[in-house]
Amino acid sequence: MTDINGERRARAAGGVLVAATVAAGLMAGAFYVFACAVMPALARSGDRVYVDVMRDINGVIQNPVFLLVFMGALALAGLAGWQSRGLPGRRWIWAGAAAYALAFLVTVVGNVPLNDALARPGDPAALRERFEDPWVAWNVVRAVLSTLATACLAAGLTTRGRRPARSAPRTPQRPTAPHGTPHPTGH
C-alpha cells in the first residue's frame, strides 16, 4: 500500500524548497547587480545625481513583486528547513535558511537605515559621504550571504531525495565443498 498523503507532502515540500532556492537566487542576483553594475555606475555621477537616483531606486524597489521575493525567500527557506526534518539534505537546507536570514538581517539593520537617512533633506555631498561606502559594503555582504544561501539550498535540493544506501538482502548460502560444489548435506 502506498502512502498517498506522504507522497503529496513530499512533493509539496520539494516545491517549497525549489521556490526558496529560486527566491534566494533572485535576491542574490539583485544584490549582485547592484554590487557589480549599479553602484559602480553611480559612483561616476555627481553628488546630486547620485542622491536623486538612489532615492528613486529606494522608492521604486518597495513594490509588491520585490517585497514578495525578498520576504518570501526568508519564509520559504525557513519552511523548507522545517519540512526537511529527517531528510539527508537537511543540514544544507538549514544552512541556506540561516545564510538568507543573515542577508535579510543585514538589509534590515544595515541598508534600510542608510536608505532612510539618504531620504532626509540635506546637502547631497554630505548625504552621499555618509551613505555610499557603508551601503556598498553592506550590499556586498548581503550579496555573498544570498549567494551562499542559494548554493546551500541547491545542495539541499540535490541531496533531499536521496536515502542512505541499503545493502541488498542477504540470501543464505549453502555451504560448498572445497571445489565449489554444494556440500552433500545441504548445510
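Visitor: How many cavities of 30 Å³ or more does a search of the whole structure find?

Guide: This is a predicted model, in which local features need pLDDT of at least 70 and side-chain atom pairs count only at pLDDT 80 or more, while totals for chains, interfaces and linings use all residues. Residues are numbered from 1 along each chain as its sequence is written, and side-chain values use heavy atoms, with hydrogens and water left out. A cavity is a set of points, on a 1 Å grid over the protein atoms alone, where a 1.4 Å probe fits but cannot get out. In the whole structure, the number of cavities of 30 Å³ or more is one.

Visitor: Which elements give two or more residues to the lining of the largest cavity?

Guide: The space in this cavity is about 30 Å³, a volume being the space filled by probe spheres set on grid points joined across faces, edges and corners. Its lining (residues with an atom within 4 Å of a point) consists of Ala13, Leu17, Ala80, Gln83, Ser84, Leu87, Ile93 and Arg160. Two or more of the lining residues come from each of helix 1 and helix 3.

Visitor: How many helices and strands are there in the protein chain?

Guide: Helices (H or I, at least four residues) and strands (E, at least two) are DSSP runs numbered from the N terminus. Read along the sequence, the chain gives the pattern α-α-α-α-α. The totals are therefore five helices and zero strands.

Visitor: Which helix gives the most residues to the lining of the largest pocket?

Guide: A pocket is an open set of points with protein on both sides within 12 Å along at least five of seven lines, and the largest one holds about 360 Å³ of space. Of its 19 lining residues, Ile61, Gln62, Phe66, Val112 and Asn115 lie nearest the centre. Helix 1, helix 3, helix 4 and helix 5 each give two or more residues to this lining. With seven residues, the most is given by helix 4.

Visitor: Why does Asn115 count as buried?

Guide: Asn115 belongs to helix 4, which runs over residues 90–119. Buried means under 20% relative accessible area, exposed over 50%, and partly exposed in between, using a 1.4 Å probe and protein chains only. Asn115 is buried because its relative accessible area is 17%.

Visitor: Which residues are in contact with Asn115, leaving aside its neighbours within four places in sequence?

Guide: Contact means heavy atoms within 4.5 Å. By this criterion, and with those neighbours left aside, the partners of Asn115 are Asn58, Phe131 and Trp135.

Visitor: What arc do the buried residues of helix 2 cover around the axis?

Guide: The buried residues of helix 2 are Tyr50, Val51, Met54 and Asn58. They lie on the same side of helix 2 because of the arc that they cover, whereas Asp56 and Val60 are exposed on the other side. The arc, taken from the directions from the helix axis to the C-beta atoms, is only 90°.

Visitor: Is Leu157 buried or partly exposed?

Guide: Leu157 lies in helix 5 and touches Gly14, Leu17, Val18 and Thr21, with residues up to four places away not counted. Thr21, in helix 1, is buried at 11% relative accessibility. At 32% relative accessibility, Leu157 counts as partly exposed.
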